[in-house]
Structures are given as C-alpha cells and as structure tokens.
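Hello,

Here is the structure I promised to pass on to you. Have a look at it first, and then read on for what I found in it.

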Amino acid sequence: MIDNKLAVAIVGCGGMGGGHAIAIASGTGNAIWQTDDARGRAWEGDMNTDISQKMTLAGIYDIAPARQQWAAERGYYNYESFEAVLADERVDIVLVATPNHLHKDMCIAAMKAGKHVLCEKPVTPTSSELEEILAVAKETGKIFYPRQNRRWDKDFLIIKKIYDEDLLGKTFNIECRVLGSRGIPGDWRGVKEYGGGMMLDWGVHLLDRLLIMVPEKIKKVFCHLTNITNDEVDDGFKMHITFESGLTAVIEVGTCHFYNLPLWYIAGNHGTAYINSWACDGKMFRLTSWEDKDATPILAGAGLTKTMAPRGGNSVEELDLPVIDFDNNELYSNLCDVINGKAKQIVTGEQALRVLKLMEAGFESSEKGVVIDFE
Ligand SMILES: NC(=O)c1ccc[n+]([C@@H]2O[C@H](COP(=O)([O-])OP(=O)(O)OC[C@H]3O[C@@H](n4cnc5c(N)ncnc54)[C@H](O)[C@@H]3O)[C@@H](O)[C@H]2O)c1
C-alpha cells in the first residue's frame, strides 16, 4: 500500500502499459493519447473512473530504454528488474501488459510473490496456460483479474440492452464485426510465438462480450481464419456460432477491408437494429404489424419481387437506439473493491478460460474445415 491506496506496478510499459500508467497515476482512469513517446502511442486506460482514492502507481518495469525514459520523463518510478517489482512489499497489484507470450510466467511469479494480478487480454495464448495460472491463483489465494475492458464499450451496452430487454422481439441472430484496412500491426502481433494474430488480439474482446451477453451453452462453432496479408498468423477470421436455443452469432475481424460494414447488426422476430461505428450511430426498426396491405412489388434486377420489397411506415417504425446512461468503466474500481472484499469480480478467470476454449475451437474448425461441437 502507498498512502493507504492499493499500489500498482506495471510490467511492460508500451502502448497499453503507458496508457495504464497515465490513467492510474492521474487517478482519473483516463489516459490521453501520447504522440511524443518513443513508439508514438499509449492506449486508453479504463476511462472516466475516479480511482484516486483506491489505487496509485508504484512504478513501471520495461526492458526497453526508450520506455524507461518515457516513464522517467513523467515522473514514474522505473524498477530495475521484474524481481525488484516482486520484492517491493508496497506493491499490491502487478499489472501485466507485456506481449502475450510473456503473461503466464509473469502472472504466476507475481502471485507466488504475494501480489494480485491484473493481466491484459488475451491473458494467455492457450487455455492450458490459463489453467496453470488459475491453479496458482487458487493455491495462493491471490486475485487474478483478466482485463476485458471492452465490456464497457457503449456500442456493446446498447446491443446488450436490446438483447436483454427483447426490444426486437426474440433475437435470432447477432452479428458483430470490426474491419480495418491496415493489416496486422508490424510488431509482435504478427509473430506466432509471441501470441500474435487477430483472433487473439481482437477476437478475444468480441467473443468475451458475446459470451457474457448470451447466457446459453454453445452447441456449434464454424470458423474461417484469413491470411491475406501474411502467412504466419491470422489477419482476421469469421466465426459462426450456434447457441443451444438456436440463436446464431457471426463474429468477424478483418484487417484488409477498404469499405466498412456495420459494427453490429442484430435481428429479432419483431425488428432489426444496426450500429455503424463506435460513434454509436444506428437505428432500430420495429414491426408494428406483420400484415402489410400496402406491399407492392419492386423491380429487382431482371425481375419483380414482393418478398424482398422494403416495408413502409405502415408496418415498421424507425426508432432511435436505446440510451445508455453510462460514462465510466468499472474495471479498475472493481478490481480494488474485490481485493478489499467489497465486491464480486466482474471479469473472472473462468470466463476468460471459456473464451480461450472457444477461440481454440475456432482455430481447429478453420484448420480442419469442419463444424466443432463445443459444449
Ligand atoms: N485491453 C485492450 O484494449 C488492449 C489494447 C492494446 C493492447 N492490449 C494488450 O496489452 C499487452 C501489450 O500490448 P501493447 O500494445 O502495449 O504492446 P507494446 O509492444 O506497445 O508494449 C509491450 C511492452 O512490453 C515491453 N516488454 C517486452 N518484454 C518485456 C519484459 N520481459 N519485461 C518487461 N517489459 C517487456 C516492451 O518493451 C514494450 O514496451 C498485450 O497483451 C495486448 O494484447 C490490450
């Protein structure tokens, strides 16, 4: 503890670790976009949460001199080694933000040294590595907290509200896709042995959110990974998931798309909604009457169709998306409350394990070209 607050040491202070450092040291949970650091970037922390009374930054440890300098220029303490982090008795939480292949050993060493762990996603590249971590968490009684921060993204919370409250009737299909056009970032994310690839990088977020939204077993998984821009790791994928009730989901990540499709497309038996982008621009269309006496055929290419003719205002109403009363992200705060025995853990190791197993089913499906029976 430092000043009666939980003290955090960040291991791996690159783009993401740098964002955490700013967010935690400022006490605001906010990281501003850095353009002056060696890598030219620092991602967001967990935004808009006042954590100033709960946690504080003890320091950072990074092997890159440029990142040490970046931290020093901001007044953050630089640990000399990972062992020095573990030996600092003031440190309560080790925040692991190194490349993915390093997470397991660091998390295990930290918990064995008596620290709680907040670990960046994907917590490990494989489910068996996470099982090792969870065994040590159990053995040591330390908190292991996976950082699945995108559960608090507004676009997701809007879709979750639509789904939870059946605003489109009974949901029968959910599609979520993130499409970029710049390939895989040219760092460790393109290297297999470092836990690279877009399934692990972005898929982990999209699948985590789907699984906490839909409280059902998954029956079938079919997935196709892409290697358009490189041969080493997947630069995208499309996964088709069938839940126990018959509800289907399509999750897609792409990095070679020069025109975008909606971020979300959700369909129920009484309506449809879409969200175009993270600006949450979208609409809901809800059926007011199945009967449509005004239906007239339209010209569709070489022929006429009434089946595919769009409905008019007499049978469908156009609505704004539901409003989400939200402007913060509870992750840092929840971690502190869990450590202090005041709250239940929102993001759990078991949830992360299920997502990793689903991603592994996706890899297997793509490799063999088959549908996988999942749960
Ligand atoms: N939750 C999110 O939304 C989100 C966003 C971006 C990245 N991440 C995750 O954060 C982690 C880091 O990603 P990044 O984009 O910051 O990568 P990065 O390459 O920018 O940073 C990694 C840092 O780790 C340092 N490092 C490497 N080996 C080390 C070691 N042995 N000891 C100490 N430091 C070491 C590197 O010098 C580098 O500064 C990854 O797991 C990534 O998936 C999560």
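Glu-175 has Val-250 in E9 as its bridge partner. That bridge belongs to the pairing of strand E6 (residues 171-179) with strand E9 (residues 248-254), which is parallel and runs over seven bridges. Please keep in mind that this is a predicted model.

E6 and E9 sit side by side in an open sheet of nine strands, whose order is E15-E12-E11-E10-E6-E9-E8-E7-E16 and whose pairing is mixed.

- Helix H6 (residues 154-164) lies across E6, strand E10 (264-268) and strand E11 (271-275), and runs at about 5 degrees to E10.
- Helix H7 (residues 198-213) lies across E6, strand E7 (218-226), strand E8 (236-243) and E9, and runs at about 150 degrees to E9.

There is also an open sheet of five strands, in the order E2-E1-E3-E4-E5, and here the pairing is parallel. Strand E2 (55-61) and strand E5 (144-147) are its edge strands, pairing on one side only. On average, neighbouring strands in this sheet are turned by 25 degrees against each other, with direction ignored. E1 and E2 pair in the parallel sense over six bridges; one place to look is Val-11, whose bridge partner in E2 is Tyr-61.

Now step back to the whole chain. The protein has nine helices and 16 strands, and its C-alpha trace spans about 75 × 45 × 40 Å along the principal axes. A compact globule of 375 residues would have a radius of gyration near 21 Å, so the 23 Å of the protein agrees with that.

The protein is divided into domain 1 (6-148 + 329-350) and domain 2 (151-326 + 358-368). Their centres, taken over C-alpha atoms, are separated by 31 Å. Where the two meet, 11 residues of domain 1 are in contact with 11 residues of domain 2. The side of domain 1 that touches domain 2 has four nonpolar, five polar and two charged residues.

In total 27 residues surround the ligand, and the closest are Gly-12, Gly-14, Gly-15, Met-16 and Ala-64. By class, the shell has 12 nonpolar, seven polar and eight charged residues. Helix H1 (residues 15-26) gives the largest share, three residues.

Finally, two spots in the backbone are worth a look. Most residues other than glycine have a negative phi, and most peptide bonds are trans. Asn-4, in the segment before strand E1 (6-11), is not a glycine, yet has a positive phi of about 65 degrees. The peptide bond from Lys-121 to Pro-122 is cis, with omega near -20 degrees. Pro-122 lies in the loop between strand E4 (116-120) and helix H5 (127-140).

I hope this helps you find your way around.

Best wishes

How values were computed. Residues numbered from 1 in each chain as written. Predicted model: local features only at pLDDT ≥ 70, side-chain atom pairs only at ≥ 80, totals over all residues. Near = placed C-beta within 6 Å. Helix = DSSP H or I, 4+ residues; strand = E, 2+ residues; numbered from the N terminus. Nonpolar A, V, L, I, M, F, W, Y, C, P; charged D, E, K, R; others polar. Pairing = 2+ DSSP bridges. Contact = placed C-beta atoms within 7 Å. Axes fitted to C-alpha atoms, helices over the stretch in contact; angles between N-to-C directions. Rg over C-alpha atoms; globule rule 2.2 N^0.38 Å. Domains from an automatic or database assignment.
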